[in-house]
Amino acid sequence: MKQRHRKQTGQRGFTLMELLVVLAILGLLMSLVGPQVLKQLGGAKSKTALIQIRDLEQALEMYKLDVGRYPSTAQGLEALVDKPSGVSGWNGPYLKGAVPQDPWNQDYIYKYPGERSELDIMTYGQNGSPGGDGEDSDIGNWR
């Protein structure tokens, strides 16, 4: 009687085995595709940091043209947005809005005079500490 009722209504369900096979296939696909997607996402953050550092360098060049020197380490990148005290020739702001943070929501590190170039602008990457590989590697204007 139940079989006739099933045939008449056209209802058919999936067996537990069919569901397990589909879940296994989906799991395999995610294990293959997932790391590649995460790798691309990480690379995008590093590229974004490099672009922001280049933009900050250009703003610092404009500052130098107006003031005659780069801001000191103490004045920092904030000198691109707010006029530091005792500075003549400042014609800013040199950035639209506030000084950006790196893609990992940390402040960029600025040093003038720099240790690796005339001035250093850098971020420590995802881990927020010096050194590291991949997403944890340091990114700066000397790279």
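A word on accessibility before we click anything: buried means under 20% relative accessible area, exposed means over 50%, and partly exposed is what falls in between (1.4 Å probe, protein chains only). This is a predicted model, so local features need pLDDT of at least 70 and side-chain atom pairs count only at pLDDT 80 or more, while totals for chains, interfaces and linings use all residues. Residues are numbered from 1 along each chain as its sequence is written, and side-chain values use heavy atoms, with hydrogens and water left out.

**Stop 1: the aromatics**

Rings of Phe, Tyr and Trp (its six-membered ring) pair if their centres lie within 6.5 Å; planes under 30 degrees apart are stacked, over 60 edge-to-face, and the rest tilted. That rule gives three aromatic pairs here. Select Tyr63 and Tyr94: the ring centres are 5.7 Å apart with the planes at 70°, so this pair is edge-to-face. Now colour by secondary structure, where helices (H or I, at least four residues) and strands (E, at least two) are DSSP runs numbered from the N terminus. Tyr63 sits in helix H2 (residues 16–67) and Tyr94 in the loop between H2 and strand S1 (109–111), so the pair ties together parts 31 residues apart in sequence.

Together, Tyr63, Trp90 and Tyr94 make one aromatic cluster. Buried or exposed, what is Tyr63? Tyr63 is buried, at 0% relative accessibility. Tyr94 counts as buried at 15%, and Trp90 is buried at 18%.

**Stop 2: the core**

A nonpolar core is a set of buried Ala, Val, Leu, Ile, Met, Phe, Trp, Tyr and Cys residues joined through side-chain atoms within 4.5 Å. The largest one has 23 residues, and those with the most contacts inside it are Leu60, Tyr63, Leu77, Leu80 and Ile121. H2 supplies the largest share of this core, seven residues. As background, nonpolar side chains in soluble globular proteins tend to be buried together.

Centre on Leu60 and show its contacts (heavy atoms within 4.5 Å). Leaving out residues up to four places away in sequence, Leu60 touches Tyr70, Pro71, Leu77, Leu80, Tyr110, Leu119 and Ile121.

**Stop 3: the salt bridges**

Switch to charged side chains. A salt bridge is a side-chain nitrogen of Lys or Arg within 4 Å of a carboxyl oxygen of Asp or Glu, and the structure holds three.

- Pick Glu57 and Arg54: their closest N and O atoms are 3.3 Å apart. Being three residues apart in helix H2, they are separated by about one helical turn. Glu57 is partly exposed at 22%, and Arg54 is partly exposed at 33%.
- Next, Lys64 and Glu118, with the closest N and O atoms 3.8 Å apart. This pair links distant parts of the chain, 54 residues apart: Lys64 is in H2, Glu118 in the loop between S1 and strand S2 (120–123). Lys64 is partly exposed at 30%, and Glu118 is partly exposed at 47%.
- Finish with Lys111 and Glu115, which meet in a salt bridge at 3.3 Å, N to O. Lys111 is partly exposed at 25%, whereas Glu115 counts as exposed at 65%.
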